[in-house]
Amino acid sequence: MRRLILTNFQAPGDIVMLTAAVRDLHAAYPRRFQTDVRTSCPDLWRHNPYLTALDLEEKQTEVIRCHYPLIQQSNRRPLHFLHGFTEYLNEQLGLNFQPTLFKGDIHLSDDEKRAPSLVEEITGVKVPYWILVAGGKYDYTIKWWHTRRWQSVVDELRGRVLFVQVGEAHHYHPGLNGVIDLRSRTGLRDLIRLVYSAQGVLCPVTLLMHLAAAVEPAPDAPPSRPCVVVAGGRESPHWEAYPTHQFLHRVGTLPCCATGGCWRSRSVPLGDEDAHDRPEALCVNTVENLPRCMADIKTEEVVAKVELYLDGFRLPQLSPLQFSEIEPFLRRRTDWERGGANPPLTCNPPPTPGKHACQASPLNHEIKTYA
Amino acid sequence: MMNAHPNPSNDPRTEPGFAPECFPACNGQALPQMVDLSDRNGRILLEFAIAYYELNREYRALVAVRNLLPADTRFVQEQTQLRRIEASLRRRDELEDFYAPFGVIVEPQMKDGMAVNLVCSFGNQFASGRQRSEWVTLTAAAPVPLPADISLERFVVEVEGPEEIVPPSFSRESR
């Protein structure tokens with residue numbers, strides 16, 4: 001039996017893809033390999049049945065630093081990211097195995113599945129929720145959609161859909177109003193648990209998209225987890241998208257991504273002297289400093305995709321009672337109203353579920369941003 | 001869009017009638033009196049500080065209207081002031097929109113209806129102010145007792161330079 005230690009220290013989304021390759025290796029060659037990993041995200045491997053503790057120093061153990069050079073052909077060949085590590089391992093080990101499932105391979109313990117969701121722990125109420133990622137890392141700012149548009153989606157679905165905003169502390173995740181704010185408060189394992197109980201995921205091309213597919217749905221949920229991805233034109237959809245996701249892209253509709261993803265890094269230089277600021281890494285088609293492919297994706301389009309899932313699966317939405325129970329936990333940008341020292345700027349009625357706050361007032365803007 | 005921005009070269013702190021209590025701090029500290037406008041982040045900070053200074057002043061004026069006039073007689077003045085606040089908010093929003101693709105986040109901390117501090121982060125810096133792409137130098141001192149028969153003069157230490165960013169446990173050659 002060959003002993004393999006697979007290593008990779010890329011981002012968590014890449015590691016999720018590696019979990020799929022390990023699963024598929026064992027599916028194709030049962031009892032032929034013992035596998036262990038050294039990666040940047042040990043939490044993604046917890047409870048993984050395909051791992052055996054192997055010693056790095058043992059002579060019979062082969063160490064394979066895993067890559068996915070296949071990405072260089074991703075605009076030409078009809079392949080998914082899931083093929084990336086698989087094909088590399090095939091080359092390195094002289095094998096011929098293929099992806100068996102259209103998802104990564106993340107495992108939860110029974111205790112994790114039984115535990116109340118983080119949202120329930122915080123609010124004390126069991127309510128349906130969607131996870132929202134409204135930002136990303138600084139190396140690929142081209143993946144960002146505009147904060148105000150994420151906010152509009154939240155506002156548009158207020159009272160029907162509860163959004164839980166997540167994001168790493170050192171990444172770009174501006175806080176949104178009207179969400180449960182878990183930014184910088186979730187480790188990877190928390191995030192996996194959060195996904196398990198989530199009704200859906202709304203995000204750009206990022207880890208959460210892969211987790212939405214890789215984490216099994218809860219018993220009372222649809223067989224595939226709803227996920228809306230605001231993707232633009234950086235990646236070819238066949239490489240990145242999952243078939244059950246709503247992947248909003250612009251590949252093939254713009255000159256800059258006419259035949260595939262542009263694979264560029266940033267919309268504007270950040271001035272950090274990083275290689276991602278080089279001219280060849282910058283978006284060539286911007287609208288007010290936003291990538292055209294992202295600026296073209298409108299709030300209504302995203303809301304409509306979320307509603308597709310809500311209507312199609314007849315997913316439970318927040319009841320007025322549930323909304324009133326979770327409302328105290330929703331983030332507000334400032335304590336303007338809560339401070340109590342000042343009267344509100346206008347005398348509009350409190351927001352009603354499903355409507356923008358103070359829609360009727362010509363001065364609604366100030367309430368929307370301050371309250 | 002840039003035209004609507006507060007002009008950092010028109011620093012209100014140098015103008016007559018400046019109300020220092022309306023000028024917010026940035027990341028808990030008073031903005032330097034002389035901001036180096038060639039420094040992008042410093043300039044952005046000043047632009048946001050000016051935007052919130054305007055908002056604070058307009059809000060203070062609104063409170064004054066409400067305190068001075070009875071509710072049934074102040075409608076016109078109140079609406080005028082509210083519209084001025086609305087205009088200031090829109091300028092603030094445009095500023096946010098413009099700098100969002102650069103990874104700039106500025107959030108006000110409020111006290112008694114006024115923005116007293118701006119919590120700011122920039123796309124090109126960590127919270128510590130260090131450039132994101134800057135190399136990190138870590139130094140550690142570990143006391144190691146020398147064997148009795150070796151003197152310090154005869155002890156040679158070879159230090160290897162950095163090669164790649166993988167954990168040091170990977171000493172074995174891999175594919």
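Predicted model: local features only at pLDDT ≥ 70, side-chain atom pairs only at ≥ 80, totals over all residues.
**Exercise 1. Summarise chain B: its elements, their order and its burial.**

Step 1. Count the elements. Chain B has two helices and three strands.

Step 2. Along the sequence the pattern is β-α-α-β-β.

Step 3. Turn to burial. Of the 175 residues in chain B, 41% are buried.

Step 4. Turn to contact range. Take the contacts in chain B with a separation of 6 or more: residues 24 or more positions apart account for 61% of them.

Step 5. Finish with the surface. Chain B exposes about 11000 Å², and carbon and sulfur atoms supply 56% of that area.

**Exercise 2. Trace the chain from strand E1 (residues 2-8) to E2 in chain A.**

Step 1. E1(A) and E2(A) pair in the parallel sense, over seven bridges.

Step 2. Find a facing pair. Leu4(A) stands opposite Thr35(A), which belongs to E2(A).

Step 3. Follow the connection. From E1(A) the chain passes through helix H1 (residues 12-28) to E2(A), a β-α-β crossover that is right-handed.

Step 4. E2(A), residues 33-39, is mostly covered, with five of its seven residues buried.

**Exercise 3. Which strands stand at the edges of the six-stranded open sheet in chain A?**

Step 1. Write down the order. It is E6-E5-E4-E7-E8-E9, with parallel pairing.

Step 2. Read off the ends. Strand E6 (180-181) and strand E9 (246-249) of chain A each have a single partner strand, so one side of each lacks a neighbour in the sheet.

Step 3. Inspect one inner pair. E4(A), residues 130-132, and E5(A), residues 163-165, run parallel and are joined by three bridges. Trp130(A) stands opposite Phe163(A) in E5(A).

**Exercise 4. Describe the largest nonpolar core, then follow Leu211(A).**

Step 1. Size the core. The largest nonpolar core has 73 residues. Those with the most contacts inside it include Leu44(A), Ile131(A), Leu208(A) and Leu211(A).

Step 2. Name the main contributor. H1(A) gives the most to this core, eight residues.

Step 3. Return to Leu211(A). Leaving out residues up to four places away, its contacts include Val16(A), Leu44(A), Ile106(A) and Arg225(A).

Step 4. H7(A), residues 207-214, has eight of its eight residues buried. Leu211(A) is among them, as are Met209(A) and His210(A).

**Exercise 5. Compare the backbone and exposure of Ser184(A) and Glu288(A).**

Step 1. Read the phi angles. Ser184(A) is not a glycine, yet its phi is positive, about 60°. Glu288(A) is not a glycine either, and its positive phi is about 50°.

Step 2. Ser184(A) lies in the loop between E6 and helix H6 (188-197) of chain A. Glu288(A) lies in the loop between strand E10 (286-287) and strand E11 (290-291) of chain A.

Step 3. Classify their exposure. Ser184(A) has a relative accessible area of 48%, so it is partly exposed. Glu288(A), at 57%, is exposed.

**Exercise 6. Is Thr141(A) buried or exposed, and what does it contact?**

Step 1. Locate it. Thr141(A) is in the loop between E4 and helix H5 (147-156) of chain A.

Step 2. Classify it. Its relative accessibility is 1%, so Thr141(A) counts as buried.

Step 3. List the contacts. Beyond its neighbours within four places, Thr141(A) is in contact with Ser265(A), Arg266(A), Ser267(A), Val268(A) and Leu270(A).

Step 4. Compare sequence and space. Thr141(A) and Leu282(A) are 141 residues apart in sequence, and their C-alpha atoms are 9.7 Å apart.

Terms used
Residues numbered from 1 in each chain as written. Chains lettered and ligands numbered in written order. Heavy atoms only, no water. Helix = DSSP H or I, 4+ residues; strand = E, 2+ residues; numbered from the N terminus. Buried < 20%, exposed > 50% of the residue type's maximum accessible area, 1.4 Å probe, protein only. Contact = heavy atoms within 4.5 Å. Areas by Shrake-Rupley, 256 points an atom, 1.4 Å probe, with all protein chains shown as cover. Pairing = 2+ DSSP bridges. Right-handed = clockwise from strand over helix to strand, strands pointing away. Core = buried A, V, L, I, M, F, W, Y, C linked by side-chain atoms within 4.5 Å.
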